[in-house]
Amino acid sequence: MSVEDLNLVLSRYKTWKRLGIFGLLGLLLCWAVSCSTGNTGTRQARTDRQEVEFWTMQLQPQFTDYFNKLIATFEASNPTVAVRWVDVPWSAMESKILTAVSAKTAPDVVNLNPDFASLLAARNAWLDLDTKVSDRDRQLYLPNIWKASTFGGKSFGIPWYLATDITIYNKDLFKQAGIAKPPVTYEELALLALQVKEKTGKYAFFVTFVSGDSAEVLESLVQMGVQLVDAKGKAAFNSPEGKAAFQYWVDLYKNGLLPKEVLTQGHRRAIELYQAGETALLKSGAQFLSTIAKNAPALAQVSATSPQITGKTGKKSVAVMNLVIKRDSDRADAALKFALFVTNDENQLAFAKAANTLPSTVKALQDNYFKKLSPDATPVDRARVVSASQMKEAQVLIPAMKDVNVLQRVIYDNLQAAMLGEKSVDRALADAATEWDRRGG
């Protein structure tokens, strides 16, 4: 598995299937990725020690040496513990972990993401960390990122590696349109979309409204100040803020500033259009610059990066991977010690450098690697610094909840109806709220 593949896994967790179903969550680079089949049990634990079974998700073979050395270092300091590392293909993790949890054979430590892990937290599958992790240890992690692994007021996961989307933009198209700098807010994005269309005849960007694909539009509502559900799980988006957000997207579509296929095609189309030079900007992960360099080298030469576009809240989205510990493990203390070791400052920094991700600890993120650039910095280097600079505002925007995939569907379906003129914005909002609440939200 390459570094690009690892970042793909992160980006996939930011699409809608991370909202309700574990698995393929987005189509960011799927046609460019060659996934390994994965190997399980490549590092066997010694049988004369207390064995901690550790599952990761598609980190072989790219990071095999890293983890073998990491585990050896841990075992040297903990001679009564042996770690058995099992690497699982991302496409198989859902079925494997669900089966293991049901059969009470789950690993002691497993690499998941907060959204899927929270579904199993609701089944009391994971160790409650609030009484196990000291305040001192908890404070090592970014507060907003720690909160992502909570359910029902309880902490169930330890943050690990992260990724934030950035804005990648075509400097040539900006110049043709007379645009001096990239947009920072959705309000600026709307003005830019009009200017690009008038000056170049092209679209500024592509965003999908296809339910079951990217969660970008749903996240934009939160960034614009919309509360999706209330404390009881009832619809809260039928509000002045919700109406303004719906109206924003409806106006862009009706004014011809979005391609017609935003209603029928997914995020993959956004990638295709940007690589073909047909759109001016793209929301994506920093790793996508490497893919552009391979697929469209001429475009890579005129591509630059800027922070993620946001709304009045200033919130930025982030994808999170974490480590969870089996609740009924008879070696929970050793498992927790290992999970804290994997995610400590030193090891997070080393892994972030190897994998082109971001760490979730405060100290590691303050390293100059994420702040300073050398004179010969590459576009990927610059994107890394932009990505890291957003972490103060970054959080998981879509709360973990039951049937959140249904929430996305009812919002997207009714928003599409308003965009097509089949419903007024007020009616679309009301219908979406009614449908959500009827399913027992």
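Visitor: What should I know before I start?

Guide: This is a predicted model, in which local features need pLDDT of at least 70 and side-chain atom pairs count only at pLDDT 80 or more, while totals for chains, interfaces and linings use all residues. Residues are numbered from 1 along each chain as its sequence is written, and side-chain values use heavy atoms, leaving out hydrogens and water.

Visitor: At what angle do helix α3 and helix α15 pack?

Guide: Two packed helices are described by the angle between their axes and the distance between the axes. Here, α3 (residues 64-77) and α15 (residues 332-342) pack at about 130°, with axes 11 Å apart. The two are therefore oblique to each other; angles under 35 degrees are roughly parallel, over 145 roughly antiparallel, 65 to 115 roughly perpendicular, and the rest oblique.

Visitor: Which residues of α3 and α15 meet?

Guide: Contact means heavy atoms within 4.5 Å. Leu70, Ile71, Thr73 and Phe74 in α3 meet Ala334, Lys337, Phe338, Phe341 and Val342 in α15. By class, that contact has seven nonpolar, one polar and one charged residues.

Visitor: Which residues of helix α18 are buried?

Guide: Buried means under 20% relative accessible area, exposed over 50%, and partly exposed in between (1.4 Å probe, protein chains only). In α18 (residues 379-389), Ala383, Arg384, Val385, Val386, Ser387 and Ala388 are buried. Their packing partners are β7 (165-170), α13 (288-295), β9 (303-306) and α17 (362-365).

Visitor: How many salt bridges does the structure hold?

Guide: A salt bridge is a side-chain nitrogen of Lys or Arg within 4 Å of a carboxyl oxygen of Asp or Glu. The structure holds 17 salt bridges. One of them joins the side chains of Asp108 and Arg331, at 3.2 Å from N to O. That pair links distant parts of the chain, 223 residues apart: Asp108 is in the loop between α4 (90-102) and β3 (109-112), and Arg331 in the loop between β11 (319-325) and α15.

Visitor: Is Asp108 buried or exposed?

Guide: Asp108 counts as buried because its relative accessibility is 2%. Arg331, at 22%, counts as partly exposed.

Visitor: Which residues form a salt-bridge network?

Guide: Salt bridges link Glu261, Arg268, Arg269 and Glu272 in a network. Glu272 pairs with Arg268 at 3.5 Å between the closest N and O atoms, and with Arg269 at 3.3 Å. Glu272 and Arg268 are four residues apart in helix α12 (residues 267-275), so about one helical turn separates them.

Definitions and conventions: Axes fitted to C-alpha atoms, helices over the stretch in contact; angles between N-to-C directions. Nonpolar A, V, L, I, M, F, W, Y, C, P; charged D, E, K, R; others polar.
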